[in-house]
Amino acid sequence: MDPYNSLRGAMAFPVYYELGRDVNNDEWKRKAIYHACSKDYVFKLVCEKEGVVVGHFNGFMYTNEPPRILTSGHIVGYAGASKYFACFYEGPNLANLAYRVELELVKAGQHLGTKQTSRGVTVNVFSPDAAVFKFAPGHSVQPVATPRPFAATAAVGDTAFIVGFEAIARDEPQLNFSEGVVSYSGLNALHTTARADDGYAGSPVFNGNGYIIGMVQGGEGTTKCVIVVPAPVLHMWLIMPPECPGFRG
């Protein structure tokens, strides 16, 4: 393939050969979205209580000016946790964990109370269910991934991609990629058929063009309906006092 079409494919545009036909544009889009979500963009987050890991979440670098990680609000105080870390990997498994960087909470949604999960864990309830963290002082982390822009709307039937680390697969820090559709679109929540098991809370959700449409909040019911906080809700919350940078437009 010539360099021009290779570049178009990497940017998720249609690729044309001499015969003038598309070359599996959907596949190019999926690969472009996945490769844009490197381990420098999506992080596995862990929370600790008295030096013991009590929870696994996901988070993503939604802005790099300054570097800020967006994740689910219920990570704050999860099972009594008081410390939070972003994991950086080097190699195929956790034995090659390069290092962890401690995080500091910048802001979280409005605290509404607490609840018990189906596993009997006490978690805080926030509205929206979101939190922003920064790297603790003394840690020089240079973000290399370009934050993704967000989409203003998501309609029922739109493609939805979820990228994140599984909590269960603690020994294999492989980014997972699942595809589904938006099955419900409301003002304060989206539902998607894309797969997201325990530990996916805080993972970014993209549409078919690679724009962020929301963040995984969690799953409910025996069929694991995945609930997503819509990107516009997150954006408006981010720019409210105490103000943080919003999403890229």
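# Legends to close-up views

**View 1. F177 is partly exposed, at a relative accessible area of 29%.** Partly exposed covers values between those for buried, under 20%, and exposed, over 50%, taken with a 1.4 Å probe on protein chains only. The model is predicted, so local features need pLDDT of at least 70 and side-chain atom pairs count only at pLDDT 80 or more, whereas totals for chains, interfaces and linings use all residues. Residues are numbered from 1 along each chain as its sequence is written, and side-chain values use heavy atoms, with hydrogens and water left out. In the chain of 249 residues, 45% count as buried. The chain has three helices and twelve strands, taken as DSSP runs numbered from the N terminus (helices H or I, at least four residues; strands E, at least two).

**View 2. The rings of Y84 and F133 form one of the seven aromatic pairs that a search of the whole structure finds.** Their centres lie 5.3 Å apart and their planes meet at 50°, so the pair is tilted. Rings of Phe, Tyr and Trp (its six-membered ring) pair if their centres lie within 6.5 Å; planes under 30 degrees apart count as stacked, over 60 as edge-to-face and the rest as tilted. Y84 belongs to strand β4 (residues 83-89) and F133 to strand β6 (residues 122-135), so that the pair links distant parts of the chain, 49 residues apart. Y84 is buried, with a relative accessible area of 8%. F133 is also buried, at 1%.

**View 3. F161 and F177 form a stacked aromatic pair.** The distance is 5.1 Å centre to centre, with 15° between the planes. F161 lies in strand β7 (residues 159-164) and F177 in strand β8 (residues 176-185), so the pair ties together parts that are 16 residues apart in sequence. F161 is buried, with a relative accessible area of 3%, whereas F177 is partly exposed. Ring pairs also bring in Y34, which forms a cluster with F161 and F177.

**View 4. Strand β8 pairs with β7 and with β9.** Two strands pair if DSSP finds at least two bridges between them. β7 and β8 run antiparallel over six bridges, and A160 stands opposite G180 in β8. β8 and strand β9 (residues 190-192) are likewise antiparallel, over three bridges. Here S185 stands opposite L190 in β9.

**View 5. The side chains of R30 and E179 meet in a salt bridge, one of two in the structure.** A salt bridge is a side-chain nitrogen of Lys or Arg within 4 Å of a carboxyl oxygen of Asp or Glu. For R30 and E179 the N to O distance is 3.8 Å. R30 lies in helix α2 (residues 25-36) and E179 in strand β8, so the pair ties together parts that are 149 residues apart in sequence. R30 is partly exposed, at a relative accessible area of 29%. E179 is partly exposed too, at 43%.

**View 6. R100 takes part in a salt bridge with E48 and sits with its charged end over the ring of F85.** The closest N and O atoms of E48 and R100 are 2.9 Å apart. E48 is buried, with a relative accessible area of 9%, whereas R100 is partly exposed at 32%. The charged end of R100 lies 4.1 Å from the centre of the F85 ring. A charge sits over a ring if NZ of Lys or CZ of Arg is within 6 Å of the ring centre and within 35 degrees of the ring normal. The charged end of K107 sits over the ring of W237, at 4.5 Å from its centre.

**View 7. The largest nonpolar core has 47 residues.** Such a core is a set of buried Ala, Val, Leu, Ile, Met, Phe, Trp, Tyr and Cys residues joined through side-chain atoms within 4.5 Å. F60, L70 and F247 have the most contacts inside the largest core. Strand β6 supplies the largest share of this core, seven residues. Another core lies apart from it, with 14 residues, among them L190, A194, V226 and V228.

**View 8. F60 touches residues that include Y41, V42, L70, P204, M215 and F247.** Residues up to four places away in sequence are not counted, and contact means heavy atoms within 4.5 Å. Among contacts in the chain between residues at least 6 apart in sequence, 60% join residues at least 24 apart.
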